[in-house]
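Hello,

Here is the structure I promised to pass on to you.

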Amino acid sequence: QETQINSARTNENNYVNQGENRPEPGNKPDKLINFVSGDDDDDNMVPAFVTCDKCSMVFVDMDEATVHENNCTVTATEAENEGRVFDDSNLLVKYIIDLHSREGRSVNAEDMIFFRSDLVMDQRNEDGRMRSHTPEDMDGDNQQDENDCVVNNYYGREEEGGGTSSSEDNEMNLVKHLCSKTIDPKTGLPTQNLTVMCGDSESLYDFRVDVKQSSIPNAGHGAFLTYLGARVLKAKPAARSLRLLKEHIIEHAVGTQNPLVAETLGGRKLSVTLTGDNLHYNDNSIYWSKNRSDKFMEVQSNGDNPRTKLLPPGSRKSSRDSAIESFDENEVQCRVHKEVRNLREKMSDENGIGFLGIHTEADYRVDNDKQFWSYPNAFELGRYGPHRPEDRKTTLHFDFKNFIHNFEPSEWSYEVPEPILNRRQIVDITDNDTGKVHSVARGHTPIYVNEVGHNSKLHSNVLIRDKNDRSVYYYVCIEKERAMKKGDTVELFANYGDHYEQVRERKCYGRVNKSEHLGGDEDDGAKLQRNFHEREEVEKDISSLEVYAMFHLVEFLTENVLKPISESIGCVAHVKLDLRLQRNLIVRRRLHWVGEKLTERVQEFIAHPLVDSSSECICSIRESLRQWRFVSMPSLFNKLNPDLANTLLGELSEELLYQTRSCIPCPLDETVWCNIAIDLTRKTTHSIAQHLFCSSGPIGLRKQYLGNDLLKHAKHAAVALKDGSNAINAINGQDSSNDSNNNPRTKSMDDHINLLSFKARGRKIKIDDLLDGTKEQMVSLYNSHQTIHFGTAAIMADIQAYCDAVDLCNMDQYYLPKTTRIISECDRSVVSQYKPTGKNCSANCSSQFYWMARSVDAFKKGCAHVNEQWYLENQVLAITHILASICVDWTEEPVKNSWYSLELLCKNICLDLINAERALAQGAVKPTWPVPQVKPAYSPALCDVGPAKHSRRKPHKARKMAGVPPSSKLLPGNAAEILN
């Protein structure tokens with residue numbers, strides 16, 4: 001006997017304790033029919049069917065037929081007029097098989113089926129007993145021809161489309177030895193061939209799964225299922241199988257088949273399977289003949305079995321265990337078991353098909369007309385993960401790895417119910433050092449199954465389930481309305497659920513991407529906001545870490561991420577842009593950032609009176625975190641090509657903007673900052689990052705160069721602003737109707753407007769939100785105590801201008817705002833000048849009082865002037881001075897404000913110092929009204945696994961999908977597989 005421990009493979013035999021997933025021959029007699037024997041040497045033939053001697057009615061059960069005959073008072077002619085008559089025994093047997101396959105029951109008296117044939121004249125044997133119809137009574141053999149095919153339409157009813165019904169309401173299992181997988185050596189993509197056995201009829205369905213370009217644009221590879229056709233049992237093998245199944249039951253009492261679980265010191269649980277020659281008795285099959293099962297149960301319950309006395313002293317177990325171990329199954333004489341064993345021994349490869357494993361491929365014939373659907377059942381496509389022990393992680397380790405690898409692992413992860421080290425467990429199929437899907441997982445087709453997302457045109461045909469609460473599997477489920485014919489190909493799609501919404505948003509197909517026109521990660525402004533949230537969550541996680549948890553986290557990241565990344569980066573030279581190297585630079589810098597935050601937490605440990613600062617854990621953590629410092633960045637930066645250098649500067653810029661997020665709201669967001677400000681932000685952060693972190697030399701000299709760069713960038717932005725303002729304002733009072741799209745002056749003005757305008761997200765605004773208390777007119781834009789989104793303010797200003805003109809000229813309104821229930825934001829807007837008439841008006845007004853966003857058309861028509869002062873204060877001054885004052889210390893020696901100060905900045909951008917101080921005191925403008933109605937990407941109420949309190953971040957996929965019928969039966973492998 002051999003003990004086999006599988007850490008990454010689910011025990012395929014766990015279903016032996018789930019009787020509802022297997023046919024129970026002994027407990028479901030209405031689903032099992034007594035058919036002819038396939039062994040001509042068997043003297044005790046079991047009948048295929050029996051008939052009443054008086055009326056010729058057909059029965060499957062001998063006892064039922066005897067009871068009927070004893071009470072029968074009608075003649076054959078009278079009875080046959082009310083039912084259906086067969087005169088061909090082969091057709092009758094096929095009819096019985098098909099009835100059982102479709103309806104799961106045997107022929108009975110209510111069916112009114114009769115058999116009259118010249119082959120059966122005498123229904124009695126010589127001893128007077130009712131005669132049974134055996135193979136000798138029937139013509140034909142296992143050779144099938146056109147006249148010996150299964151009749152597809154006994155009831156005179158065809159399925160839609162002319163096909164035959166194949167949705168047998170029973171489980172679907174893979175026939176393991178008929179399934180195969182190949183890997184293309186050039187592309188590395190897998191091709192999978194699957195053979196599925198369907199339930200009681202034991203029909204086979206063949207499929208091929210190919211990986212190729214998905215039908216979804218920009219989705220990469222997809223998995224495609226092709227239906228290759230069906231194979232059905234020939235008449236005699238089908239009859240033999242159903243006869244033998246009736247004589248078997250599933251035996252659950254063999255303890256060696258019970259699933260076992262082992263747990264490592266790290267808290268990882270493993271499925272343990274016991275294997276051995278006849279270890280589980282009955283040739284390791286879960287199907288026992290009734291006779292042998294009865295004997296086994298008798299021995300099991302016998303605590304005084306004589307064989308127990310033969311055991312040596314000291315090795316005796318309980319009487320029950322000893323009795324089972326002493327059970328000699330060969331002493332039980334069973335004709336049925338002998339027949340099944342003989343059939344198995346005839347197979348050269350010992351790979352039988354069917355529940356009893358007694359069929360070969362030669363027992364099947366091709367049925368090209370048989371359609372396929374499986375709903376509500378499904379068959380296994382394969383394991384998604386885990387494939388390796390390291391694929392199982394706690395949420396703490398995974399969340400840090402996910403952040404460090406720029407959130408790519410979250411695209412491929414699942415949460416499973418089983419906890420690990422009292423934390424929630426994540427199945428992560430990406431490499432620890434790259435964040436990409438590892439090579440083992442790439443060889444499995446489930447990872448290529450795309451999702452439907454929020455696309456109503458896509459249909460989900462793959463279910464996602466877990467086994468043993470720790471492994472994730474994909475199952476194919478084809479609905480009847482989408483039944484497949486031979487040769488049909490469909491792309492496989494799953495539904496990852498609401499837990500995957502954060503990943504969808506990053507890929508720009510989430511809810512808010514559509515409803516709020518929020519960009520994906522290709523939009524720098526939207527990406528920064530998501531990354532800021534993740535950095536905040538990392539800091540919260542670190543602030544709650546205890547010493548033991550931090551020790552294991554630092555150990556995990558040091559060994560699995562830092563060391564391989566450091567080796568890769570150490571080989572950097574002047575090379576072409578390498579995407580992997582580009583990712584590694586981000587990873588290395590994020591390790592440095594996380595290390596700085598962990599170091600701060602270590603200092604808190606040291607200062608705590610109850611923590612031993614000289615403990616081995618604290619010392620090990622401090623030593624490891626010293627390695628995390630990116631001290632080689634200045635020397636490395638000089639070796640990078642421009643693309644790689646910009647990648648590193650971009651990551652450093654994110655750190656700087658995160659540091660100033662409370663003062664510079666929504667950086668790089670086109671709805672808050674014009675293009676001049678966005679370009680100034682990038683240049684300013686890049687200069688600070690390059691001079692402070694990526695350059696060597698005296699700090700004073702570096703800050704001198706930095707101060708010069710900051711003033712230069714601000715001056716260039718102010719000049720561009722003034723040029724644009726002058727160009728746009730110059731059109732005021734001029735006739736712009738003659739300007740065409742080809743006019744150079746028009747094109748130049750469009751360029752200036754593009755630099756100064758703000759982009760709206762296209763929100764749909766309810767008019768009720770824009771009306772005053774009387775609901776008769778618009779709210780006053782100039783007295784609002786909330787900062788209005790630029791696009792909203794622009795459309796409101798246009799409506800207000802119309803209403804003012806109507807009132808001024810005493811005209812009838814042709815447009816009433818209250819009659820339009822929804823208003824769209826203006827796509828592009830520019831901030832204009834506004835001069836109030838009252839001297840004390842601003843006392844009760846917001847900071848928005850002296851400026852107002854207007855639509856671009858208003859400027860093109862000369863109806864508005866650009867507010868140059870506002871742009872200088874809010875789009876140039878704010879960006880430069882906030883970044884310069886928060887991110888750089890200008891007071892230390894030998895700088896002492898020599899190279900940068902507010903006075904120098906105001907001088908370079910031609911802004912009055914008093915106005916600058918006033919503007920900085922008010923803070924940067926952050927439009928907040930109206931608040932968008934956006935559903936959260938993740939809500940704790942959406943989680944269906946684990947405890948109520950859980951990790952704040954959950955970008956991984958959901959464990960289970962909503963809307964899946966609870967009655968779905970999802971089984972692994974071939975139910976006929978012998979347990980080795």
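In what order do the strands of the open sheet of 3 strands come, and with which pairing? The order is E25-E28-E29, and the pairing is antiparallel. Please keep in mind that this is a predicted model.

The edges of that sheet are taken by strand E25 (758-759) and strand E29 (851-855). Each of these two has a single partner strand, so one side of each is left without a neighbour in the sheet. E25 and strand E28 (residues 828-833) run antiparallel and are joined by 2 bridges.

Helix H21 (residues 790-808) lies across E25, E28 and E29, and H21 runs at about 80° to E29.

The other part I looked at is a helix pair. Helix H23 (residues 868-887) packs with helix H24 (residues 902-909) at an angle of about 140°, and their axes are 11 Å apart. The two helices are therefore oblique to each other, since angles count as roughly antiparallel only over 145 degrees. Their crossing is right-handed.

Which residues meet there? From H23 come Leu-872, Val-876, Leu-877, Thr-880 and His-881, and from H24 they meet Leu-902, Leu-905 and Ile-909. By class, this contact of H23 with H24 has 6 nonpolar and 2 polar residues, with no charged residues.

Methods. Residues numbered from 1 in each chain as written. Predicted model: local features only at pLDDT ≥ 70, side-chain atom pairs only at ≥ 80, totals over all residues. Heavy atoms only, no water. Axes fitted to C-alpha atoms, helices over the stretch in contact; angles between N-to-C directions. Helix = DSSP H or I, 4+ residues; strand = E, 2+ residues; numbered from the N terminus. Parallel < 35°, antiparallel > 145°, perpendicular 65-115°, else oblique. Left-handed = near helix turned anticlockwise from the far one by under 90°. Contact = heavy atoms within 4.5 Å. Nonpolar A, V, L, I, M, F, W, Y, C, P; charged D, E, K, R; others polar. Pairing = 2+ DSSP bridges.
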